[in-house]
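Here are a few notes on the aromatic side chains, jotted down while going through the model. Have the structure open as you read.

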Amino acid sequence: MVLPSLLRFEITNFIASRIVGLSVPSRCGDVIPEDSPATRLNDWSTVTDSDSMPLASAARPVGVGAITAEHDGADQPRAVAASGVVPPLATRGVLVIAGVVAAVHLVAAATQAQWFDEAYMLSIGRFHLDWGSADQPPVTPLLALLMDWIAPGSVLAQRLPAVLATTAAVVLAALLARELGGDRRAQLITAGAQATALSAAILGHWLTPYSLEPFEWLALVWLLVRWVRLRDDRLLLALGVTAGVAAETKFQVLLLCAVLLLCVLVVGPRELLARPSLWAGAAIGAVLAAPTVLWQAVHGWPQLRMGAVVAREVETQSGGRPDIAFGLVQMAGYAGIVLALYGGWWLWRAGEPRQYRFLGATATVMYLFFVVTEGRNYYLSGLYGILAAAGAVGLQRRREAGRRRWRWVAGPAFGLSAAAAAGTLLVFSLPNQPYFPASLARQGETMYQHTAAAYRMLTPSQRDRTAIVAESYIVAAYLDSYSHKTGIPAAYSTNRAYGYFPPPPDQVDAALYVGSIPEELRPYFADERKVADSVWLCTGRREPWASVWPKLRHLSTELTPFAPVGAPEHRG
């Protein structure tokens with residue numbers, strides 16, 4: 001594929017030229033060897049980064065065709081874009097940070113209980129894989145199914161794609177900083193910010209669409225920024241492929257693409273919009289996204305209704321828009337917050353090149369959109385690395401201009417950011433925290449045990465005529481995640497994607513309802529009785545499932561995911 005080959009070329013070219021000692025020209029002349037005449041022409045400061053790479057002072061390295069300036073370095077990104085050169089890649093440092101991230105998330109993946117959305121992805125993949133579902137495109141369920149086929153029942157194996165994506169996002173964030181003209185230190189700062197984002201600490205080892213999204217958004221923006229520098233239209237085709245795959249993972253990338261195009265139209269570089277390859281790439285992306293979009297169209301566009309559902313849930317769980325506005329920033333982590341705020345300002349400040357200003361505009365529009373529409377606090381996770389890269393390069397400009405007054409803050413800030421990320425990861429691994437993975441998974445397993453016991457108490461003929469119906473998609477997903485152990489049938493539910501899966505067959509005239517009081521089924525069954533904790537047997541179905549199911553289908557999960565004890569025992 002085009003994107004992996006570009007990434008491999010970046011690493012291979014650097015290793016060949018720096019470690020092996022070969023003189024390997026870049027495809028577009030984008031690596032400046034340290035001993036090149038271009039580098040020797042400059043007045044380097046004695047300050048070095050962790051890889052012993054000299055850092056430019058007020059005078060900056062220039063390559064063939066570069067634009068020089070005698071002020072504080074504000075035009076260096078324009079010079080980079082004009083000359084087609086970037087600083088060397090901080091390979092060792094970035095890979096060390098990525099390696100630490102991979103190791104930490106592998107440990108978390110091996111020890112942390114299964115999150116309900118992971119069980120949801122696995123259930124869709126195992127029992128209902130299609131080109132789409134009510135709220136989930138097919139890529140993540142397909143990955144869950146693939147990993148379950150490789151290692152059946154292994155939560156660690158299921159999470160490997162998420163850990164790989166989280167690790168790769170660290171490398172991509174550093175590469176993005178490099179594309180913006182960032183030296184080794186800026187690359188390492190960006191990688192560190194991406195690694196210690198709170199969103200990555202919480203979500204980075206769960207196989208869910210929102211765990212894969214940061215990697216996909218970073219890949220998309222990296223390709224776009226690289227095009228700004230090189231004007232290589234092949235990158236726009238790769239961008240279309242990336243957007244199409246991302247749309248089959250999570251629909252919000254379509255919003256990102258629309259906002260990016262709008263911001264390019266408003267603040268530039270407008271030359272992008274005149275490139276045929278951009279629209280050819282868009283066509284490729286549309287073809288790749290078409291199956292899941294068509295699924296949505298055939299089923300009445302349930303994804304469009306999810307925005308209002310999420311807003312109601314978020315409003316119930318938080319203090320409204322002020323909390324959302326704070327949460328969207330907080331999830332970047334301490335280092336990420338500082339870099340994102342400074343990066344946003346740097347992208348807009350007077351004197352900076354306009355060709356990257358669309359990044360700041362996009363981040364601003366996306367932030368305001370999710371605050372106004374009451375989105376979840378992790379919805380900007382794919383933008384944190386982008387803004388961190390801009391912030392790191394902006395700080396580099398200060399350093400090159402000799403403004404180093406607050407240089408000592410970097411160490412403590414990253415120490416605090418790493419401590420916060422580690423602490424958050426540990427808290428989410430605690431066994432007794434309500435609504436955290438261990439607690440929810442334990443409740444899900446207990447509910448499964450009660451359901452399995454109630455199902456086994458039925459006679460064989462009753463089992464053939466009884467469906468297991470869960471109150472919410474969360475309960476149904478946990479039931480399905482354990483069903484392979486004892487052979488109980490897959491669960492049904494009227495909630496979320498389950499509501500759009502086929503209903504029970506007509507010969508099934510009874511239901512084991514798992515949840516709180518089976519209020520939703522009462523109008524359609526003659527009798528109900530409690531047969532176990534949170535399990536009800538409903539008999540005497542009054543209408544065919546085909547007519548009942550569309551009436552009960554709903555997307556909201558306002559009901560509690562696990563039922564309280566003490567519900568009435570019987571209703572005749």
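1. Let's begin with Y342, which counts as buried because its relative accessibility is 18% (buried is under 20% relative accessible area, exposed over 50%, partly exposed in between, with a 1.4 Å probe and protein chains only). W345, at 47%, counts as partly exposed. Both sit in helix 16 (residues 333-348), 3 residues apart, or about one turn of the helix; helices here are DSSP runs of H or I with at least four residues, numbered from the N terminus.

2. A word on provenance: this is a predicted model, where local features need pLDDT of at least 70 and side-chain atom pairs pLDDT 80 or more, while totals for chains, interfaces and linings use all residues. Numbering runs from 1 along each chain as its sequence is written, and side-chain values use heavy atoms, leaving out hydrogens and water.

3. Now the pairs: the structure holds 18 aromatic pairs. Rings of Phe, Tyr and Trp (its six-membered ring) pair if their centres lie within 6.5 Å; planes under 30 degrees apart are stacked, over 60 edge-to-face, and the rest tilted. Y342 and W345 have ring centres 5.4 Å apart and planes at 45 degrees, so that pair is tilted.

4. F428 and F436 make a stacked pair, because their centres are 4.3 Å apart and their planes at 10 degrees. Both F428 and F436 are buried. They also belong to one aromatic cluster, whose members include W115, W206 and Y473.

5. Finally, two arginines. The charged end of R231 sits over the ring of W227, 4.6 Å from its centre, and R553 lies over the face of Y500, 4.6 Å from the ring centre. The criterion is NZ of Lys or CZ of Arg within 6 Å of the ring centre and within 35 degrees of the ring normal.

Technical notes:
Helix = DSSP H or I, 4+ residues; strand = E, 2+ residues; numbered from the N terminus.
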